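Subject: Structure handover

Hello,

Here is the structure for you to look through. My notes on it follow below.

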Amino acid sequence: MAISQELYPSQDDLLYEEELLRNPYSLKLWWRYLIARSDAPFKKRRTIYERAVRSLPGSYKLWHAYLRERLELVRSFPINHSEYETLNNTFERALVTMHKMPRIWILYLQSLTEQRLVTRTRRSFDRALCALPVQQHDRIWELYLVFVSQKGMPIQTSLRVYRRYLLYDPTHVEDFIAFLIDSELWQEAAERLASVLNDDQFRSIKGKTKHRLWLELCDLLTKNATAVSGLNVDAIIRGGIKKFTDEVGRLWTSLADYYIKRSLFEKARDVFEEGMQTVVTVRDFSVIFDAYAQFDYM
């Protein structure tokens, strides 16, 4: 295949070419050459970049600049254009020597995520986590969770990634619970939330109190009574009633709603009456009484 004439060095390039013949391993010379040809067509700059990284494969400065230009180039093409595959191959070549550079991985992973190449992207995230020191994993995990939270992602893939993430940083269990709820995986969401409440050392990174988490668990259990099994819902909610004094009326009505959802209407009636007899504030009594009246009406 013939090489286009425009890719050959011009008369103006001879000064840089002669210097590079004498010292092809000088980063300063290659950089000056690229700056001098900043207005040249990308095809010509690509040729210079390719020669530069072949001479200096360990130069982060050259690889980073080259990859950034290639990323800008593909933005004007549809996502299935062949230039994207060329870009991916360039990233792979760069990572042979740049595998310890988190910024190169981040650029690559962001591009793969946009291309929606699920298997290739997942494997590349795993490679990044293996290649980089654990102190830099936060930057990769942040992107990884964005990737697995995309619509259309296989649910089992998302679950495996989130579970691995919790082994790395258990403090973000609330994010996993929110993901489970959004995915309508009520059983595991309830189990995870119950586990959090049983952990006396747990501190919410979202600033939620234990009382707030109890209310969320109660809502989860009562609204999805038929989908959650294996948990003693009665004991869980009564434990919250004994432990907290605020909004006790809401907990009593949550317990009654749980039995209503399971069609245990007499049991629900007993819970309403027990609640009205034990609460000590007018507000809690009103909450239970109003719910009881609505139950009788229905």
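Helix H2 (residues 27-36) packs with helix H3 (residues 42-55) at an angle of about 175°, and their axes are 10 Å apart. Helices here are DSSP runs of H or I with at least four residues, numbered from the N terminus. Axes are lines fitted to C-alpha atoms over the stretch in contact, and angles run from 0 to 180 degrees between N-to-C directions. H2 and H3 are therefore roughly antiparallel (angles over 145 degrees count as such). From H2, Trp30, Tyr33 and Leu34 meet Arg45, Ile48, Tyr49, Arg51, Ala52 and Ser55 of H3. Contact means heavy atoms within 4.5 Å. By class, this contact of H2 with H3 has six nonpolar, one polar and two charged residues. Nonpolar covers Ala, Val, Leu, Ile, Met, Phe, Trp, Tyr, Cys and Pro; charged covers Asp, Glu, Lys and Arg; the others, Gly among them, are polar.

A word on the basis. This is a predicted model, where local features need pLDDT of at least 70, side-chain atom pairs count only at pLDDT 80 or more, and totals for chains, interfaces and linings use all residues. Residues are numbered from 1 along each chain as its sequence is written, and side-chain values use heavy atoms, with hydrogens and water left out.

Next, helix H13 (residues 233-243). Its buried residues are Val233, Asp234, Ile236, Ile237, Gly240 and Ile241. Buried means under 20% relative accessible area (1.4 Å probe, protein chains only). Their cover includes H12, helix H14 (248-261) and helix H15 (265-278).

- Asp234 counts as buried because its relative accessibility is 16%. Leaving aside neighbours within four places in sequence, Asp234 is in contact with Leu255, Tyr259 and Lys267.
- Gly240 is buried, at a relative accessible area of 0%.

Thr222 sits in helix H12 (residues 210-223). Thr222 counts as buried, at 4% relative accessibility. The Thr222 side chain reaches the backbone oxygen of Asp219 at 3.2 Å. Not counting residues up to four places away in sequence, Thr222 touches Ile237, Ser254, Leu255, Asp257, Tyr258 and Lys261.

Last, Trp252. Not counting residues up to four places away in sequence, Trp252 touches Arg238, Ile241, Val271, Glu274, Gly275, Thr278, Val279 and Ile288.

Best wishes

Methods:
Helices (H or I, at least four residues) and strands (E, at least two) are DSSP runs, numbered from the N terminus. Angles under 35 degrees count as roughly parallel, over 145 as roughly antiparallel, 65 to 115 as roughly perpendicular and the rest as oblique. Buried means under 20% relative accessible area, exposed over 50%, partly exposed in between (1.4 Å probe, protein chains only). A polar contact is a pair of N or O atoms within 3.5 Å; within protein, one must be able to donate a hydrogen and the other to accept it, and residues adjacent in sequence count only if both atoms are side-chain atoms.
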